[in-house]
Amino acid sequence: MEKSIKKSSLSVSPNGLEKKTSSKRLEVLKTYKIYIGGQFPRTESGRFYTPVNATGKKLANVCLSSRKDFRDAVVAARSAFGKWADRAAFNRGQILYRMAEMLEGRKAQFIDELMQQDATKAKAEKEVNLAIDRLIYYAGWCDKYQQLFSTVNPVATSHFNFSVPEPMGVVSIIAPQSDSLLGLVSVIAPVIAGGNTCVVLASETKPLCSVTFAEVLNSSDLPGAVVNILTGKPSELLPWFVDHMDVNATIYCENDSTNRKMLQEKSASNLKRIVFYDTINWYSEKGESPYHIMDTQEIKTTWHPIENIAGSGGGY
Amino acid sequence: MAVARSKTIVSDFSLSPHIDQVGVEERASRFTKRSIKKESKLNGLLLTLNMIDLTTLEGKDTDGKVKQLCYKAMHPYDAIQGLPTVAAVCVYPSMVKVAKKALDGSGIKVASVATAFPSGQAPRDVKIRDTKYAVANGADEVDMVISRGKFHAGEYNFVFDEIASIKEACGEARLKVILETGELGTYDKVRRASDIAMHAGADFIKTSTGKIQPAATMPVTLVMLEAIREFYYKTGKMIGMKPAGGISKSKLALHYLVMLKETLGEDWMNNHWFRFGASSLANDVLMQIVKEKTGLYQAANYFSVD
Amino acid sequence: MATRKSNTLKLKFDTSWSYAPAPESKSAATINKQYDLFINGAWQKPSSKKYFDTINPANEEKLSEVAEANEADVNKAVVAARNAYEKVWRKMSAKERAKYIFRIARMVQEKARELAIIESLDGGKPIRESRDFDVPTAANHFFYYAGWADKLEYAFPNRNPQSLGVAGQIIPWNFPLLMAAWKIAPALATGNTVVLKPAETTPLSALKLAEIIQESDLPPGVVNIITGAGATGAAIVKHPDINKIAFTGSTEVGKIIQKAIAGTHKKATLELGGKAANIIFEDAPLDQAVEGVINGIFFNQGHVCCAGSRLYVQESVAKQVIKKLKDRLESLIVGDPLDKNTDIGAINSKQQLETIHKYLKIGKQEGAEMYETSCALPRKGFWCRPTLFTNVAQSNRIAQEEIFGPVLAVLTFRTEDEVIEKANNTPYGLSAGVWTDKGSKIFNMTRRMRAGVVWANTFNKFDPTSPFGGYKESGFGREGGLHGLLPYLNLAN
């Protein structure tokens, strides 16, 4: 059914002016821009870089984001945090599910991009499918992890006491270099499922999917600035990602001991939380877990007195 | 003293401050952590003795019983020289005359319960006559009960007006208003009733009749002391406090004194502004005083039961 | 009855009836003249051959001298802990482990009086607090975590929790015994072994705990307690065979530790400073709120990381609240920590007293109005009157920096939004307090406070079952409750 519609729409041009000479038509190239505050600006620096695939083919001219882009993205993420955290958990789940729907709808484009970035068709399809399923996995967790990780604490005094997870705030993420779509989705989803906002640095060598994913986000119901995606070089941006005083946590996914050490040292600036995902195979079951949501949650404990008027104990 | 006029002190008593039960009980228990030893214990006991309203409020009260109680009030324990007397003797209106005569010249006050004590379930004119009768027979102080039923029904103006009219009937006698906190249920209501009583003209607010359990407790008394403090800061008028019922041991009485000292301070640390409504407390205080003086633990048989 | 204008009314708390001294007897506690290092279940001489004095801050008299552990001593302790971990503790059935911890809990209870006296002598805190809070809560903490030892798999669904190894634990001087319990109890319950260093000004109760541990027949090396100052702590932090660092102390040192362990696989828990906002709305139960504020800032001389040192009062009740606070301040008794009637004991050290004095000076220079009680202070020892500053601005340093003393900054606010913003306007996030009688407001406020512990209509409450720990620069990780197990476990499945 779908196919037949496509066919007919191809054969009949809307205005009837189909040109037989269209085989020479110049392809429209996509401009890969970054995603800050729900907008698609170019980097303020005006710089770009041109990643190439294994065959040496230029992928695109991609923004080489600067520390100022990161700064702007953090400002956007901070301003979006309160409202996103305040959304009903159910609503966050709906939005994550919507993201999965939109991703499903643009599956072909992602597969195409992954293949441009050296994946086989089979592997590309697998990665996109898993990425969609991962969003759905976390969509389901949005209104459940709290129940799993909260406690009501039986204190000895006449107080009601409970502990609940709360989002940390703004999370800076250096996404996995390989698995440029699945890795990206796998690190973003638990962070936003838990009510945080984030600034993500996409894979340097394979950035195409990240920008397209930003378009998916933009066309889903996710409020602008909850996820901000930059492209560029970790070697340049890493220190800024962990130095910033208004970032509450940093996620790093490579097994690079020099960088790990640097991140830990610099995190002391404001004692931001550091999360390392360097040993995770995103294709495995370990690539998804409610414990990943908890990695960017704080536990808040609340106390309140329980009135206990003498003589009212007979109520049982 | 001018009669309180409700028109000039219009106050919405449902807006009385709220009390957190757990918090006020924590604070009250903190007073019990004070360790009262040596001379401060002795001085505290003497002060306590001097603050007692020695009480007999029984159907079987007779002239003879009241006279014996009055003798005890004046001579708590003659074996020790220089002991203070108690503050007052508290009786039913019918016994005021007997008590007044027995206490003549001692400086000990005669307090009379009135207003259809202890339930207060009587028409207002009966309560007024009850009060006037007690005063006419020589009562220096009148201990009235509020209409708890009306209070629970939210008829605060009724309660207020009733107190004001009893105050008027008291004339020169000082009016103690019994809230019967054991029937009020919550500290919020204790605070509200205290505010009504003070604004309506009470000279004292008092916890209980002694006929209902629980009677006085430390947290209830603390809520009332804090109400007194706030009223004082608002109006400049001092109000007395009388916890009554359930205070039979010296140690507990000393805890009350600690609470009084740390809540209202020096000006209230005398029997003009603070009373213990109790009957068995006096003997325990006396036993402790003798223990402090002799170093020997005492037995009840050495102290007269009146 | 003469009535006076209410603004001139003053209650007199200096009453003719006063409390006679009621000192707890020192003879109920035994303090050795000298303490060695507790390593591998035995008291060992320090290889540094050095000892340092620990004094009573209430009279500056020497109480004892304790060994100073150097790097070699730290290494000895870590080796002992590693051996105990590999050969004994991790192999022992969890049920047996639990029984050891239960036994320690009981023994702390049995020796409660002695521990309380030592705690007050060495640290300066009032005996009422060490007797009624520090020691019983420490015992309860051991009790609570003892029961977890054989139930860990229930705490983390779908995971198989594993112990980490050797935990290096560095604790502060404000709650010496309690902090030792907070650190040791969960570490043992989760199957780790411990090298613990108490603060240099307050080592005695931890050393008493070492005696208890020795008496309990806990296998040698499972808990090692070594004394020393910053250098000893640094040696623990840097030791390559330690798997876990747990630190309670200042944010400044916490950051140093975070840098020092960078590049290692040491897991860390940092419980650091705070500048808690305590917020009173006009509809609050004011008298209980005032009591909560008093306990919030004057508990343990204000040497409390979660102390409610910033008071925000809604303007409509500010005058009333300040008056109540001043009245309450007057009934606080400052003096001999061993006196059962003392509310506020000695400042823990000369150095800390100087810090507090520095802030008092800053507060006055900044134009805030200082009010201190009229009580007399002892001549020897380190003392500070309970103090409050009014007319404080959000930008004043006394409203921003942790003073760690009996000093309260009072600020006012008008609306809920305003106070939420001001309360969260700090790098810290350990605790907060909210006072209002309106339920829906409580839930709004407690949710919006960016702090790990929020007390509503109460303050400074602690319980072994209740997780404690900070947001932001107040550190990370939780202590207490189920969540307090996690920092000592590896959940990788």
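In helix H10 of chain A, residues 257–267, the buried residues are Leu263(A), Gln264(A), Lys266(A) and Ser267(A). A residue is called buried if 20 or more other C-beta atoms lie within 10 Å of its own, exposed if 12 or fewer, and partly exposed in between, with C-beta atoms placed from the backbone. Helices (H or I, at least four residues) and strands (E, at least two) are DSSP runs, numbered from the N terminus.

What do the buried residues of H10(A) pack against? They pack against helix H9 (234–243), strand E8 (249–252) and strand E9 (273–276) of chain A, and also against H9 of chain C. Here, two residues are in contact if their C-beta atoms, placed from the backbone, lie within 7 Å.

Before I continue, a word on the model. It is a predicted one: local features need pLDDT of at least 70, side-chain atom pairs count only at pLDDT 80 or more, and totals for chains, interfaces and linings use all residues. Residues are numbered from 1 along each chain as its sequence is written, while chains are lettered from A and ligands numbered from 1 in the order in which they are written.

The pLDDT is the predictor's confidence in each residue, from 0 to 100. Chain A has a mean pLDDT of 91, with 91% of its residues at 70 or more. Residues 1–19 of chain A have a pLDDT below 50, and beyond near neighbours in sequence this stretch has one contact in the model. For chain B the average is 94, and 96% of the residues score at least 70. Residues 1–10 of chain B fall below 50, and that stretch has 14 contacts beyond near neighbours in sequence. Where pLDDT is low, the predicted coordinates should not be read in detail.

I turn to the contact between chains C and A. Chain C gives 34 residues to it and chain A gives 29. On the side of chain C, the elements that give two or more residues are helix H9 (251–260), helix H14 (439–448), strand E18 (453–456) and strand E19 (475–476). That side has 15 nonpolar, 12 polar and seven charged residues. In this count Ala, Val, Leu, Ile, Met, Phe, Trp, Tyr, Cys and Pro are nonpolar, Asp, Glu, Lys and Arg are charged, and the others, Gly among them, are polar.

A sheet also joins these two chains. Two strands pair if DSSP finds at least two bridges between them. Strand E10 of chain A, residues 297–305, is joined to E18(C) by three bridges, and the two run parallel. Within this pairing, Thr302(A) has Val454(C) as its bridge partner. The open sheet has 10 strands in the order E3(A)-E4(A)-E10(A)-E18(C)-E17(C)-E12(C)-E13(C)-E16(C)-E15(C)-E14(C), with mixed pairing. Its edge strands, each pairing on one side only, are strand E3 (151–152) of chain A and strand E14 (369–372) of chain C.

Further along the sheet, strand E15 (residues 387–390) and strand E16 (residues 407–413) of chain C run parallel, joined by three bridges. Leu388(C) is opposite Leu408(C) in E16(C).

Which strand of chain C is largely enclosed by the rest of the structure? Strand E7 of chain C, residues 166–170, is, because five of its five residues are buried. Val166(C), Gly168(C) and Ile170(C) point one way from E7(C), whereas Ala167(C) and Gln169(C) point the other way. In a regular strand the side chains alternate between the two faces of the sheet. E7(C) pairs in the parallel sense with strand E8 of chain C, residues 193–197, over five bridges. There, Gln169(C) has Leu196(C) as its bridge partner.

As for chain C overall, it contains 14 helices and 20 strands, and 60% of its 493 residues count as buried. Its C-alpha trace spans about 80 × 50 × 35 Å along the principal axes.

Finally, chain B. Eight of its strands form an open sheet in the order E7-E6-E5-E4-E3-E2-E1-E8, with parallel pairing. Strand E7 (240–242) and strand E8 (276–278) of chain B are at the edges, each with a single partner strand, so one side of each has no neighbour in the sheet. Chain B also touches chain C, with 36 residues of chain B in contact with 30 residues of chain C. H2(B) gives the most to the chain B side, with six residues.
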